[in-house]
Amino acid sequence: MPLFKNIRFYILIFSFSLSLFFYFWVGRTIPDGSLRPIRLGEFYALTAAVYLYVVLLIGPAVYSFKFLPWRGQIFKARRALGISVFYFGLLHAYIEFFQQLGGFSGLGFLDNKYLLAITLSSSALFILSLMAATSFDFMVRKLTFTKWKILHRFVYLAAIFILIHALLLGTHFTDLSTLIPQIFFGAIAVLLILEANRFDAFLAGKFVNLPKFGLTLTVVIVAITTYFVYSFLPNSGNLSLNIHAQHILLAQQAQNQNGQQLPANLANIPGLQGDRTKRYTVSFNPPQNIKPNVDTTLNFQVFDASSGNPVEFYNVVWEKVVHMIVVDSQLTYFTHIHPTQDSNGFSIATQFPKDGVYHIYLDFQPKGAIEQQFAFILNVGNVQAANASSFQPDTNFVKTFGNYEVTLAAPNPLKAEQLSVGQQTLTFTIRDAVTKQPITTLKPYLAAFGHLVAINRDTFDYLHVHPTNLTAPQPDANGGPSVDFIPLGLYGPIKAGIYRVFAQFNPDGKLFVADFTVKVE
């Protein structure tokens, strides 16, 4: 067949052109920085997945729908579509592995979940490379059609590996009851039904005594129906495969305020073990006439609200008994410090950099209770000089802080309802500001590779969030280049508004703060 009359030629040209379109479109619409390759890698991964689905769908669809036009051309196109799957998968792998991870040297900094996901995706890419290399007519003749067909059956194994890879690492799959996963699994359901129909026809030809109603199709339909019915039942949002499924359940229960008992398996989560009904008060007596840039000692004491007795025993959460966050009313100043306990409660000496109103937030966990949060306002110097925060949501989420470039990747838009129950993730990626190389030497700070605080610009609502990885790393461990955070409404729904986000990271022991401004709808 002449080259320009071959449908495979046009599919390959289209795939190559599509990859160039994504490259230039992302380059024009996303500011220069590490967010650009992240988005490009996502487009290539999605395109590869769509191509792979079409490849898998062609066989059972053509078999099930005999009336389809151009059935021969559709079959002929399948090989070129398979090559396109490998092409886009290879582009995705290059961007994510060599540009985001930093190549093979970055493997030593990944946890077991990431290593498993990368192993599976690498195996899938190897299988797809064999598919692509043997998709030409002369290779079919060389292998013989029977052997070639057996070899290309491994595309199903590659698809399974890619599915698991997406479930492990895909940001849209932290909660399987949301829209994108449901569309994803709906497409898989269609494919399984068509494949089951074709497999039943095969079995009927081999075993004449089998039931005539389609045994495989019946099993598949029952399984799919069960999954989707369970997915849409009330409180079925717990289908998350990620490690924060327990946190998400707690957030949902906290907002229902229905007095339900928490599951016993929540007991091992830091800060959340204890009686949710216990209540406390805090006596905070700051000095009078506090001046800026002068050492000031802050004292406070915690009391049991039911008895009035002072509280003396606390759990250590993230290496400290108390975490104190201090910001000014303009939300330009941020510090995270740790008061020490004495016979009269807690105290700490600190300074305030300028006149104005300051907001102080306390995190602590009395023995037998869950983690508590309290907030206070403190006047320093000439409070008439204080101005409200005027920050507007950032339009560029790639910023430089000293020697480091930080990229914030978050869903657009951020939704208060979804954030409240852990359905949206904030990802920070740290790079060298000069070389743009990913930083894979994040050191633990307070038993984590990062800490996150978000404060509402107008209401000063406060969220203190820790990374999704709840296991405290060893003191000499390395992390990075990315750290994921899942905000949760553990004390009630997260409110809409503009939030100042302060993230702390500790690359090579050089602690710094990255700040962004985001809008929550």
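Where is the place of Leu446? The legends below treat a predicted model, and the first view takes up this residue.

**Figure 1. Leu446 and Ala447 in the loop between E11 and E12.** Leu446 is placed in the loop that runs between E11 and strand E12 (451-456). Its phi is near 55 degrees, a positive value in a residue other than glycine. Ala447 is found in the loop between E11 and E12, and phi of Ala447 is near 65 degrees, again a positive value in a residue other than glycine. Leu446 has a relative accessible area of 6% and is therefore buried. Ala447, at 11% relative accessibility, counts as buried because the cut-off is under 20%.

**Figure 2. Strand E11 and its two partner strands.** Strand E11 comprises residues 426-432 and is mostly covered, with six of its seven residues buried. Strand E10 (residues 404-409) pairs with E11 in the antiparallel sense over six bridges. Within this pairing, Tyr404 has Asp432 of E11 as its bridge partner. Strand E14 (residues 482-485) also pairs with E11 in the antiparallel sense, over four bridges. Here Phe428 has Val483 of E14 as its bridge partner.

Figure 3. Asn412 and Pro413 are joined by a cis peptide bond, with omega of about 10 degrees. Pro413 is situated in the loop between E10 and helix H11 (416-420). A cis peptide bond also joins Gly480 and Pro481, where omega is about 0 degrees. Pro481 belongs to the loop between strand E13 (462-465) and E14.

**Figure 4. The two faces of strand E2.** In a regular strand the side chains alternate between the two faces of the sheet. The covered face of strand E2 (residues 296-304) consists of Thr296, Leu298, Phe300, Val302 and Asp304, while Thr297, Asn299, Gln301 and Phe303 make up the uncovered one. E2 pairs with strand E1 (residues 280-284) in the antiparallel sense over five bridges, and Phe284 stands opposite Phe300 of E2. Strand E6 (residues 345-350) pairs with E2, likewise in the antiparallel sense and over five bridges. The bridge partner of Asn299 in E6 is Ser347.

Figure 5. Helix H1 covers residues 7-29, and its 23 residues should span 33 Å at 1.5 Å a residue; the end C-alpha atoms are 32 Å apart, which agrees. The buried residues of H1 are Arg8, Ile11, Ser15, Leu18, Ser19, Phe22 and Val26. An α-helix has 3.6 residues a turn, so residues three or four places apart point the same way. Phe16, Leu20, Tyr23 and Phe24 form a nonpolar patch on the surface, and together have about 440 Å² of accessible area. Phe24 is placed in helix H1 and counts as exposed because its relative accessibility is 53%, the cut-off being over 50%.

**Figure 6. The protein as a setting for the close-up views.** The protein has eleven helices and 16 strands. Of its 521 residues, 46% count as buried. Among contacts with a separation of 6 or more, 68% are between residues 24 or more positions apart. The accessible surface comes to about 26600 Å², and carbon and sulfur atoms account for 62% of this area.

Terms used. Residues are numbered from 1 along each chain as its sequence is written. This is a predicted model: local features need pLDDT of at least 70, side-chain atom pairs count only at pLDDT 80 or more; totals for chains, interfaces and linings use all residues. Side-chain values use heavy atoms; hydrogens and water are left out. Buried means under 20% relative accessible area, exposed over 50%, partly exposed in between (1.4 Å probe, protein chains only). Two strands pair if DSSP finds at least two bridges between them. The expected span of a helix is 1.5 Å times one less than its number of residues. Contact means heavy atoms within 4.5 Å. Accessible areas come from the Shrake-Rupley method with a 1.4 Å probe; for residues, only the protein chains shown count as cover. Patches are made of residues with over 30% relative accessible area and no salt bridge: like charges are joined within 9 Å, nonpolar side chains (Val, Leu, Ile, Met, Phe, Trp, Tyr) within 5 Å. A salt bridge is a side-chain nitrogen of Lys or Arg within 4 Å of a carboxyl oxygen of Asp or Glu.
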